[in-house]
Amino acid sequence: MASWWLTLKPSNDRLWQPDVAQTAWAEINGDEVTIHNVRNCDYRTETDFTPHWETRTVRLSQITGMDVAINYWGSPWIAHPIVSFQFSGALPLCFSIETRNTIGQKYSTLEGLYRQYTLICVVADERDCIRLRTNYRREDVYLYHTLASPAQARERFREYINAINALRENPRWYNAFTSNCTTSIRTQRS
């Protein structure tokens with residue numbers, strides 16, 4: 001039984017819930033980065049929304065900084081980080097590492113240990129990603145402006161771009177302890 005479980009492979013080809021139906025990916029052309037499948041849902045409630053997927057083009061040279069939003073739900077020991085990059089000539093973009101649930105699937109920490117969820121890095125409009133948590137889920141969200149220089153923020157942004165492209169090509173399993181929204185924030189060099 002354990003050998004069968006180890007043969008399970010994550011996939012991007014399943015019937016996904018509408019808010020994670022698309023996988024973000026990016027093209028880099030010098031200073032210009034075009035990100036496909038940026039989520040910008042129109043929420044009426046947490047579960048009643050119209051998904052919108054956009055393509056956005058930003059310039060690395062216009063990154064002015066980054067913020068980190070931490071949201072809590074249920075327990076003070078469980079938090080979710082969202083990184084928001086600020087631009088001088090464009091709207092902020094958020095990166096949120098999450099579980100990619102199939103239609104009808106609910107999150108369970110216990111099931112999160114056993115190859116039940118695929119990992120996804122949602123790239124979203126800040127109004128989507130943060131407002132979903134504050135206005136519709138009624139979670140506590142704390143926004144921290146980092147002291148990262150524009151150069152440091154650009155480096156982190158490139159790491160996230162590398163991560164979304166890697167996940168699109170090579171899906172990974174989410175694991176509640178080893179590969180989750182916090183532990184998956186790692187330095188990735190291209």
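## The largest pocket

The largest pocket of this predicted model has a volume of about 1000 Å³. Of the 33 residues lining this pocket, Trp73, Thr99, Asn101, Tyr107 and Arg137 are the closest to its centre. Elements E7, E8 and H2 each give two or more residues to the lining, and E8 provides the largest share, three residues. A pocket is defined on a 1 Å grid over the protein atoms alone, as an open set of points with protein on both sides within 12 Å along at least five of seven lines; lining residues have an atom within 4 Å of a point. Grid points are joined across faces, edges and corners, and a volume is the space filled by probe spheres set on the points. Helices (H or I, at least four residues) and strands (E, at least two) are DSSP runs, numbered from the N terminus.

## Basis of the model

Residues are numbered from 1 along each chain as its sequence is written, and side-chain values use heavy atoms, with hydrogens and water left out. Because the model is predicted, local features need pLDDT of at least 70 and side-chain atom pairs count only at pLDDT 80 or more, whereas totals for chains, interfaces and linings use all residues.

## Cavities

The structure also holds two cavities of 30 Å³ or more. A cavity is a set of grid points where a 1.4 Å probe fits but cannot get out. The largest cavity has a volume of about 40 Å³, and its lining includes Asp19, Trp53 and Ile120. Strand E2 (32-39) and strand E9 (118-125) each supply at least two residues of this lining; E9 gives the most, with four residues.

## Strand E7

Val83 is buried, with a relative accessible area of 7%, and Ser84 counts as buried at 1%. Buried means under 20% relative accessible area, exposed over 50%, and partly exposed in between, with a 1.4 Å probe and protein chains only.

Leaving aside neighbours within four places in sequence, Val83 is in contact (heavy atoms within 4.5 Å) with Asp67, Val68, Leu93, Cys94, Phe95 and Tyr160. Under the rule that leaves out residues up to four places away, the residues touched by Ser84 include Gly65, Pro92 and Glu126. The side chains of Ser84 and Glu126 are joined by a polar contact of 2.6 Å. A polar contact is a pair of N or O atoms within 3.5 Å; within protein, one must be able to donate a hydrogen and the other to accept it, and residues adjacent in sequence count only if both atoms are side-chain atoms.

## Aromatic residues

A search of the whole structure finds ten aromatic pairs. Rings of Phe, Tyr and Trp (its six-membered ring) pair if their centres lie within 6.5 Å; planes under 30 degrees apart count as stacked, over 60 as edge-to-face and the rest as tilted. The ring centres of Phe85 and Phe95 are 5.6 Å apart and their planes stand at 90 degrees, so this pair is edge-to-face. Phe85 belongs to strand E7 and Phe95 to strand E8 (residues 93-100), ten residues apart. Phe85 and Phe95 are buried, and one aromatic cluster is formed by Phe85, Phe87, Phe95, Phe157 and Tyr160.

## Helix H2

Helix H2 spans residues 126-136, and its buried residues are Asp128, Cys129, Ile130, Leu132 and Arg133. At the start of H2, a side-chain oxygen of Asp125 reaches to within 2.8 Å of the backbone nitrogen of Arg127. Arg138, with a positive phi near 60 degrees, follows H2.
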